[in-house]
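Dear colleague,

Please find the structure below. My notes on it follow.

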Amino acid sequence: MFKTHKKFPQIVAVAVLAMGVAMSAAQAEDDDDDEGYRGAGHSEQRGEGNSGKYGGEDRGKPVQPAQINAIWKQECSNCHIAYSPGLLPAESWRKVMAGLDKHFGSDASLTDQENKEITSFLVKNASNRWSAPTAPLQITESAWFKSKHDSHEIAPSVWKNPKVKSPANCQACHIGAENGDFSERNIKIPR
Amino acid sequence: MFRISSAIGLVSVAAMGLVTQPVFAQTPNEILSAIQKEAAGQSFSAARGESFYKAKHGKEWSCASCHTDNPAAPGKHAKSDKDIKPLAPSANAERFTDMAKVEKWFKRNCNDVLGRVCTPQEKGDVLSYLLTVKK
């Protein structure tokens, strides 16, 4: 009994080490599209026992399919960039597309035919790594977005730059955002 | 067989040409006439259209909030900041050449600016104004 107690700290140390190794392996595999990104907050979220990375609120891989829908591209890029379908889960897209007459303060309504076609494209190519039962209406509300853009990653001053204006303005920093390219090598934070 | 496939090839090349060429379905004046029919005899006024375009109508935005006070100049979406091509046909040949597109955007933008659909009179006035704007 006494012996076991004495060994206890060692067991814990080994277990923690093993967890650390397992986690970095998982992260390296998961984040191979992010070129070695190591974000703060990952382990914290993972430690809570939720399924998957970011408590299950992870964007898809790829975020944008190779074959894109022409109507989606045309209609969804009128007022903002056409956000890649993989940035949100299918249920989020269903909700967004069902409320286009009141779309973040603007009427963005489509014909029924357009709506059907675009919804189907978005749902089909929605995040394939989202396991949480959540369905945010805004990309910026998702756990993966918050973790990747928290104050450890992005200085608060960046958001105040008029060239950035809003976190919805992906292309202010992600120069390939319009084509679904959010890779680390294609980030240019404006000064 | 060769003949059939080359004929199909020719037809599809021709069809592609039709699709990719910037052929406008209608002219802005034809669009105006169509709105005129809806307006059942009322006459349009460019001056009235100009004040309508520049004024707020009980909500946060006017037409000019995004399209600027000069419809021949490029605009910016009031919320997203995205560039908007000029609205006046003199500055942008694509404008008011597709009735379905015109209806779609009047519906959306009137809802944003007025909180309701626009009357044919209001639409006719605004288009009459836009047609007087020089580049």
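B:Phe96 sits in the loop that runs from strand E2 (83–84) to helix H5 (99–114) of chain B; helices (H or I, at least four residues) and strands (E, at least two) are DSSP runs, numbered from the N terminus. Although B:Phe96 is a residue other than glycine, its phi is positive, near 55°. B:Phe96 is buried, with 25 other C-beta atoms within 10 Å. A residue is called buried if 20 or more other C-beta atoms, placed from the backbone, lie within 10 Å of its own, exposed if 12 or fewer, and partly exposed in between.

This is a predicted model, in which local features need pLDDT of at least 70 and side-chain atom pairs count only at pLDDT 80 or more, while totals for chains, interfaces and linings use all residues. Residues are numbered from 1 along each chain as its sequence is written, and chains are lettered from A and ligands numbered from 1 in the order in which they are written.

Chain A has a mean pLDDT (the predictor's confidence in each residue, from 0 to 100) of 84, and 74% of its residues score at least 70. Over residues 23–32 of chain A, however, the pLDDT is below 50, and this stretch has five contacts in the model beyond near neighbours in sequence. Two residues are in contact if their C-beta atoms, placed from the backbone, lie within 7 Å.

Chain A contains seven helices and zero strands. Of its 191 residues, 24% count as buried. A:Tyr54, in the loop between H2 and H3 of chain A, is not a glycine, yet has a positive phi of about 55°. A:Tyr54 is buried, with 25 other C-beta atoms within 10 Å. The loop between helix H2 (42–47) and helix H3 (70–76) of chain A also holds A:Pro62, which is joined to A:Lys61 by a cis peptide bond with omega of about 0°. As background, most residues other than glycine have a negative phi, and most peptide bonds are trans.

In chain B, helix H2 (residues 28–38) packs against helix H6 (residues 120–132) at an angle of about 155°, with their axes 9 Å apart. Axes are lines fitted to C-alpha atoms, for helices over the stretch in contact, and angles run from 0 to 180 degrees between N-to-C directions.

Yours sincerely
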